[in-house]
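The following paragraphs lead the reader through one protein chain, from its overall layout to selected residues. Please keep the sequence and the structure in view while reading.

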Amino acid sequence: MSLGGDIASALPGLRSEAESRMTDAVQVGSFRDGVDEETGDPTWELVTERYAGKARIRWGSREVTNANAPSMPITVQEPYLSVPFGTPLLRDSEVLVTGSDDPVLVGRRFRVQGYPVAGQVTAHRYPLEELG
């Protein structure tokens, strides 16, 4: 036995466990602004779908600075999107949270900022930027 062999044999089970923690639902692709014909409310309509399914939105850190200069941020939040291993997403794709165990997340919108760490990972985690 070797550590490499042990990790390789454990990864399928660990990936399954990572997916079990994905309690959010997302649509990923290209969107455009629209208007609900009945209410007149603004909408965000999916134009091109790259992925739709389970995911996990999480913030990687909340760093607090002690700077007291007006231009210095007090907190920095870095959201990221976890999707099942093998889910390729494109940089600059847009993400809409369509469902979640946490109602605060539903309806929030993000943009994929970069590529995931790849290799011997349990899920693909993409850095995000939250859209207003």
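In which helix does arginine 15 lie? Arginine 15 lies in helix H1, which covers residues 3-20. The model is a predicted one, in which local features need pLDDT of at least 70 and side-chain atom pairs count only at pLDDT 80 or more, while totals for chains, interfaces and linings use all residues. Residues are numbered from 1 along each chain as its sequence is written, and side-chain values use heavy atoms, with hydrogens and water left out.

The protein chain has 1 helix and 6 strands. Helices (H or I, at least four residues) and strands (E, at least two) are DSSP runs, numbered from the N terminus. Along the sequence, these elements follow the pattern α-β-β-β-β-β-β. Of the 132 residues in the protein chain, 32% are buried; buried means under 20% relative accessible area, exposed over 50%, and partly exposed in between (1.4 Å probe, protein chains only). The chain exposes about 8400 Å², of which carbon and sulfur atoms supply 50%; accessible areas come from the Shrake-Rupley method with a 1.4 Å probe, and for residues only the protein chains shown count as cover. Among contacts between residues at least 6 apart in sequence, 53% join residues at least 24 apart, where contact means heavy atoms within 4.5 Å.

The largest nonpolar core has 15 residues. Such a core is a set of buried Ala, Val, Leu, Ile, Met, Phe, Trp, Tyr and Cys residues joined through side-chain atoms within 4.5 Å. The residues with the most contacts inside the largest core are Val26, Val28, Ile57, Leu81, Val95 and Leu128. Two or more residues of this core come from each of the strands S1 (24-35), S2 (42-64), S3 (75-84), S4 (94-99), S5 (109-112) and S6 (123-131). S2 gives the largest share, 3 residues.

Aromatic side chains come next. A search of the whole structure finds 2 aromatic pairs. Rings of Phe, Tyr and Trp (its six-membered ring) pair if their centres lie within 6.5 Å; planes under 30 degrees apart count as stacked, over 60 as edge-to-face and the rest as tilted. The rings of phenylalanine 31 and tryptophan 44 are stacked, because their centres are 4.1 Å apart and their planes are at 10 degrees. Since phenylalanine 31 lies in strand S1 and tryptophan 44 in strand S2, this pair ties together parts that are 13 residues apart in sequence. Both residues are buried, tryptophan 44 with a relative accessible area of 15%.

With what is tryptophan 44 in contact, leaving aside its neighbours within four places in sequence? Tryptophan 44 is in contact with Phe31, Arg32, Asp33, Glu94, Val95, Leu96, Arg109 and Leu131. Leucine 96 is 52 residues from tryptophan 44 in sequence, and their C-alpha atoms are 8.7 Å apart in space. Arginine 109 lies over the face of tryptophan 44, at 4.3 Å from the ring centre; a charge sits over a ring if NZ of Lys or CZ of Arg is within 6 Å of the ring centre and within 35 degrees of the ring normal.

Arginine 15 also lies over a ring face, that of phenylalanine 85, at 3.5 Å from the ring centre. Arginine 15 counts as buried because its relative accessibility is 18%. Beyond four places in sequence, arginine 15 touches Phe85, Gly119, Gln120, Val121 and Thr122. Although arginine 15 and threonine 122 are 107 residues apart along the chain, their C-alpha atoms are separated by 4.4 Å.

The loop between S3 and S4 holds threonine 87. Threonine 87 is buried, with a relative accessible area of 12%. A polar atom of its side chain lies 2.7 Å from the backbone oxygen of proline 84. Not counting residues up to four places away in sequence, threonine 87 touches Tyr51, His124 and Tyr126. Histidine 124 lies in strand S6 and counts as buried at 12% relative accessibility.

Aspartate 92 is also placed in the loop between S3 and S4. Its phi is near 75 degrees, a positive value in a residue other than glycine. Most residues other than glycine have a negative phi.

Methods:
A polar contact is a pair of N or O atoms within 3.5 Å; within protein, one must be able to donate a hydrogen and the other to accept it, and residues adjacent in sequence count only if both atoms are side-chain atoms.
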